[in-house]
Amino acid sequence: MPLTLPRFHQQLAQAPLPPAILLASAEPLLLLEAADGVRARAREQGYAEREVIEADARFNWDELTRSGATLSLFASRRLIDLRLPTGKPGKDGAAAIVAWCKDANPDTTLLVTCEEWSRKHEGAWVEAIDKTGWFAPLWPLKRDELPAWIGARLASRGINADSEAVALLIERTEGNLLAAAQEIDKLVMLHQGGQLDAATLGGLIADSARFDVFQFTDAALAGETPRALRMLAGLRGEGEEPIPMMAWIGRQLELALRLASAGDFASQARAEHLWPARERLFRSALRRAGAEHWRDCLLRAGRIDRIAKGREAGDVWRELERLTVAIAEPRKAAALA
């Protein structure tokens with residue numbers, strides 16, 4: 001039976017390694033850490049030898065058969081680390097893996113890792129591994145699974161984050177697991193363990209870089225024009241690229257427009273998964289202007305994005321300054337058009 005991510009980690013911690021393991025995921029971090037876990041467990045269980053095989057389109061599957069038949073040089077247990085990026089071994093590869101599973105050597109484990117995966121990849125070779133050992137298809141996490149994953153990762157490093165802090169980290173990393181993992185590693189260095197709330201998290205992230213595009217947009221939405229313009233100048237001075245900035249700014253303006261267009265702000269805020277501090281920020285911004293203003297700002301942001309990509313003439317940073325003022329002070333927007 002295919003293993004879920006939690007069940008895989010439980011098996012890995014409690015059971016001896018089986019003759020064959022298949023780890024498959026399009027999510028790089030899940031695949032990397034699961035495979036690293038198998039390799040670490042192999043070392044703990046006395047696997048003194050490891051052979052890495054890259055199974056590309058030109059790979060001769062007889063090599064896998066020979067590897068399985070070869071005796072260990074040191075009379076020790078061996079791990080065969082088979083990299084199958086496409087998740088498609090072909091007819092010969094499937095047959096070789098099925099044969100491996102039928103004639104499994106108790107002192108050798110075959111670890112197969114696949115970077116591309118869907119249920120269409122499954123076949124007799126997958127069934128053979130599932131029957132002989134472990135098959136863990138590590139599906140990308142859904143949005144509602146991210147809080148538990150991030151909370152557990154923080155807790156494993158001695159940080160107990162509240163729900164608002166976890167939600168802030170998810171938003172700032174846009175649900176990207178690798179980015180979230182990197183931010184958590186930074187937090188471990190910046191925060192001395194224990195409790196962590198959203199305000200503290202925001203401060204720690206800001207401290208790790210002098211200027212922050214996330215706090216810049218928050219300042220503009222809060223109506224803090226001078227501060228927002230100073231931060232924009234700082235971002236420019238630090239060499240921040242406008243294109244990724246515009247992607248974030250555009251998403252915030254789209255959110256403002258959805259909230260402004262909704263019949264019930266509170267219901268829409270819940271649908272957008274806004275934590276209280278963000279809800280207050282947008283509620284304040286929407287008091288200064290209605291949906292038409294935010295639609296105009298979004299159109300202006302689209303033009304700035306085209307300028308940044310060379311598709312339209314103009315000064316990106318000058319237009320960003322005008323957009324900043326328009327967001328912070330809607331009454332001045334007409335004069336800036």
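**Stop 1: Arg322.** Select Arg322. At a relative accessible area of 31%, Arg322 is partly exposed. The model is a predicted one. Arg322 sits in helix H16.

**Stop 2: H15 against H16.** Select residues 291-308 for H15 and residues 316-328 for H16. Their axes come within 10 Å and cross at roughly 165°. An angle over 145 degrees counts as roughly antiparallel, so H15 and H16 are roughly antiparallel to each other. The crossing of H15 past H16 is left-handed.

Show side chains at the contact.

**Stop 3: Arg306.** Stay on H15 and select Arg306, which lies in that helix. Is Arg306 buried or partly exposed? Its relative accessibility is 35%, so Arg306 counts as partly exposed. Beyond its neighbours within four places in sequence, Arg306 contacts Arg311 and Glu312. Met246 is 60 residues from Arg306 along the chain, and their C-alpha atoms are 9.8 Å apart.

**Stop 4: H12 against H16.** Met246 is one of the H12 residues that meet H16. Select residues 242-261 to see all of H12. H12 and H16 pack at about 20°, with their axes 13 Å apart. Angles under 35 degrees count as roughly parallel, so H12 is roughly parallel to H16. Their crossing is left-handed.

Which residues of H12 meet H16? They are Pro242, Met245, Met246, Ile249 and Leu253. On the H16 side, select Val316, Trp317, Leu320, Leu323 and Ile327. This contact holds 10 nonpolar residues, with no polar and no charged ones.

**Stop 5: H11 against H16.** Turn to another partner of H16. Select residues 225-237 for H11. The H11 and H16 axes are 10 Å apart, at an angle of about 155°. That makes H11 roughly antiparallel to H16. The crossing here is right-handed.

From H11, show Thr225, Ala228, Leu229, Leu232, Leu235 and Arg236. From H16, show Trp317, Leu320, Glu321, Thr324, Val325 and Ala328. By class, the contact has eight nonpolar, two polar and two charged residues.

**Stop 6: Thr324.** Zoom in on Thr324, in H16. Thr324 has a relative accessible area of 1% and is buried. Not counting residues up to four places away in sequence, Thr324 touches Phe216, Ala220, Ala228, Leu229 and Leu232.

**Stop 7: the largest nonpolar core.** Select Phe8, Leu17, Leu23, Val38, Trp134, Ile150 and Leu187. Of the 42 residues in the largest nonpolar core, these touch the most other members. Helix H2, residues 28-44, gives this core its largest share, seven residues. Apart from this core lies another, of 39 residues, including Leu235, Leu281, Ile307 and Leu323.

Return to Val38 in the largest core. Leaving out residues up to four places away in sequence, Val38 touches Phe8, Leu12, Leu17, Ile21, Leu23 and Leu111.

**Stop 8: H5.** Select residues 124-132, helix H5. Trp125, Val126, Ala128, Ile129 and Asp130 are buried there. What covers these residues? The cover includes strand E1 (20-24), helix H4 (90-102), strand E4 (108-114) and strand E5 (134-137).

**Stop 9: Leu196.** Finish at Leu196 in strand E7, residues 194-196. Leu196 is buried, at 3% relative accessibility. Beyond neighbours within four places in sequence, Leu196 contacts Ile159, Asn160, Ala161, Asp162, Ala165, Leu187, His191, Leu201 and Leu204. Last, draw a distance to His293. The C-alpha atoms of Leu196 and His293 are 36 Å apart, and the two residues are 97 residues apart along the chain.

Note on methods:
Residues are numbered from 1 along each chain as its sequence is written. This is a predicted model: local features need pLDDT of at least 70, side-chain atom pairs count only at pLDDT 80 or more; totals for chains, interfaces and linings use all residues. Side-chain values use heavy atoms; hydrogens and water are left out. Axes are lines fitted to C-alpha atoms, for helices over the stretch in contact, and angles run from 0 to 180 degrees between N-to-C directions. Helices (H or I, at least four residues) and strands (E, at least two) are DSSP runs, numbered from the N terminus. Angles under 35 degrees count as roughly parallel, over 145 as roughly antiparallel, 65 to 115 as roughly perpendicular and the rest as oblique. A crossing is left-handed if the near helix is turned anticlockwise from the far one by less than a right angle, and right-handed if clockwise. A nonpolar core is a set of buried Ala, Val, Leu, Ile, Met, Phe, Trp, Tyr and Cys residues joined through side-chain atoms within 4.5 Å. Buried means under 20% relative accessible area, exposed over 50%, partly exposed in between (1.4 Å probe, protein chains only). Contact means heavy atoms within 4.5 Å. Ala, Val, Leu, Ile, Met, Phe, Trp, Tyr, Cys and Pro count as nonpolar, Asp, Glu, Lys and Arg as charged, and the others, Gly among them, as polar.
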